[in-house]
Amino acid sequence: PNILTPRSVAYASFTPTDGWFIRFSNGTVQWAQEDMIETAGQPQNTFGSHKMGSCFHGMIQLVRQQNPQRQEHCIDFLTFGYGSALLVRYENGNFNFFHAQGAEDDCDAEIDRIIEEKKAEQWSLGGKSRLCWWDKRQYFLEFVEGAQYRYHYNMGDEETVNLVTSIVKGEDVDWQAVQFSRQMHWVCNQDRKIVNFGSVC
């Protein structure tokens, strides 16, 4: 579709390599097209390598096979992380964590374990979930079940972990420090609830 066609944006997510993914309110999605490069004088698409990451393109192919009617438009929410990793939630409420094959370490295994546990307990992935662009050890996962919320997170340094714990518990915190945390960017509403959690580059 023409990117200039008037549509309201329901959700937008960005990669650390100039990629972007948008879900519109009409239930359609669009993302950054890969750059064309020349190899031996012939144009070659860098599909799966630069802007969006190999995990994204692998996930898109899987979604198109499993949901031929809606295809990629069934993606309700996603967030990008380090090394092409991403968290994806679909319209049916299911969600998955994708990371590079053959490169799994303790960090990937920890997120995998949390995701599988929450799936088994019938929780859904919340829209405030984020992966860190530059450090795979840092993440913030929100899970929702009715009016209940659960959070799993690792911020790298003790100061930031304590700050996040205070916010999650609804305790009084230094809100200026929240707005300008050294490693993460926080945006909070007037009720002092986390609205957005993202990376600052």
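Which residues line the largest cavity? The views below come from a predicted model.

**View 1. The largest cavity and its lining.**
Gly81, Tyr82, Ala85, Phe97, Asp108, Ile111, Leu131, Cys132, Lys136 and Gln138 line the largest cavity. Its volume is about 60 Å³. The count of cavities of 30 Å³ or more comes to one. By class, the lining divides into six nonpolar, two polar and two charged residues.

**View 2. Phe97 and its surroundings.**
Phe97 sits in strand β8 and is one of the residues that line the largest cavity. Phe97 counts as buried because its relative accessibility is 10%, under the 20% cut-off. Beyond its neighbours within four places in sequence, Phe97 is in contact with Ala85, Leu86, Leu87, Asp108, Ile111, Asp112, Ile115 and Leu131. Among these contacts are Ala85, Asp108, Ile111 and Leu131, and these residues also belong to the cavity lining. Ile111 lies 14 residues from Phe97 along the chain, with 7.7 Å between the two C-alpha atoms.

Strand β7 covers residues 86-90, and strand β8 covers residues 95-98. The two strands pair in the antiparallel sense, over four bridges. Arg89 has Phe95 in β8 as its bridge partner. Four residues stand between the strands of this hairpin. Gly93 takes a positive phi there, near 95°.

The loop between β6 and β7 holds Ser84. Ser84 is not a glycine, yet its phi is positive, about 75°. Is Ser84 buried or exposed? Ser84 is buried, because its relative accessible area is 17% and the cut-off is 20%.

**View 3. Thr79 in strand β6.**
Strand β6 spans residues 75-80 and includes Thr79. Thr79 has a relative accessible area of 3%, so it is buried. Leaving out neighbours within four places in sequence, its contacts are Tyr11, Ser13, Ala85, Leu86, Leu87, Ser129, Arg130 and Leu131. Ala85, Leu86, Leu87 and Leu131 are among the contacts of Thr79, and Phe97 is in contact with them too. Of these residues, Ala85 and Leu131 also line the largest cavity.

Strand β1 (residues 9-14) and strand β2 (residues 20-24) run antiparallel, joined by five bridges. Ser13 stands opposite Phe21 in β2. Ser13 is also one of the contacts of Thr79. Five residues lie between the two strands of the hairpin.

Asp18 belongs to the loop between β1 and β2. Its phi is near 70°, a positive value in a residue other than glycine. Asp18 counts as exposed because its relative accessibility is 62%, over the 50% cut-off. Ser84 also has a positive phi without being a glycine, but Ser84 is buried.

**View 4. The whole chain, for orientation.**
The protein chain has four helices and 14 strands. It holds 201 residues, of which 42% count as buried. Take the contacts between residues at least 6 apart in sequence: 41% of them join residues at least 24 apart. The accessible surface comes to about 11,300 Å². Carbon and sulfur atoms account for 47% of that surface.

Key: Residues are numbered from 1 along each chain as its sequence is written. This is a predicted model: local features need pLDDT of at least 70, side-chain atom pairs count only at pLDDT 80 or more; totals for chains, interfaces and linings use all residues. Side-chain values use heavy atoms; hydrogens and water are left out. Two strands pair if DSSP finds at least two bridges between them. Buried means under 20% relative accessible area, exposed over 50%, partly exposed in between (1.4 Å probe, protein chains only). Contact means heavy atoms within 4.5 Å. On a 1 Å grid over the protein atoms alone, a cavity is a set of points where a 1.4 Å probe fits but cannot get out, and a pocket is an open set with protein on both sides within 12 Å along at least five of seven lines; lining residues have an atom within 4 Å of a point. Grid points are joined across faces, edges and corners, and a volume is the space filled by probe spheres set on the points. Ala, Val, Leu, Ile, Met, Phe, Trp, Tyr, Cys and Pro count as nonpolar, Asp, Glu, Lys and Arg as charged, and the others, Gly among them, as polar. Accessible areas come from the Shrake-Rupley method with a 1.4 Å probe; for residues, only the protein chains shown count as cover.
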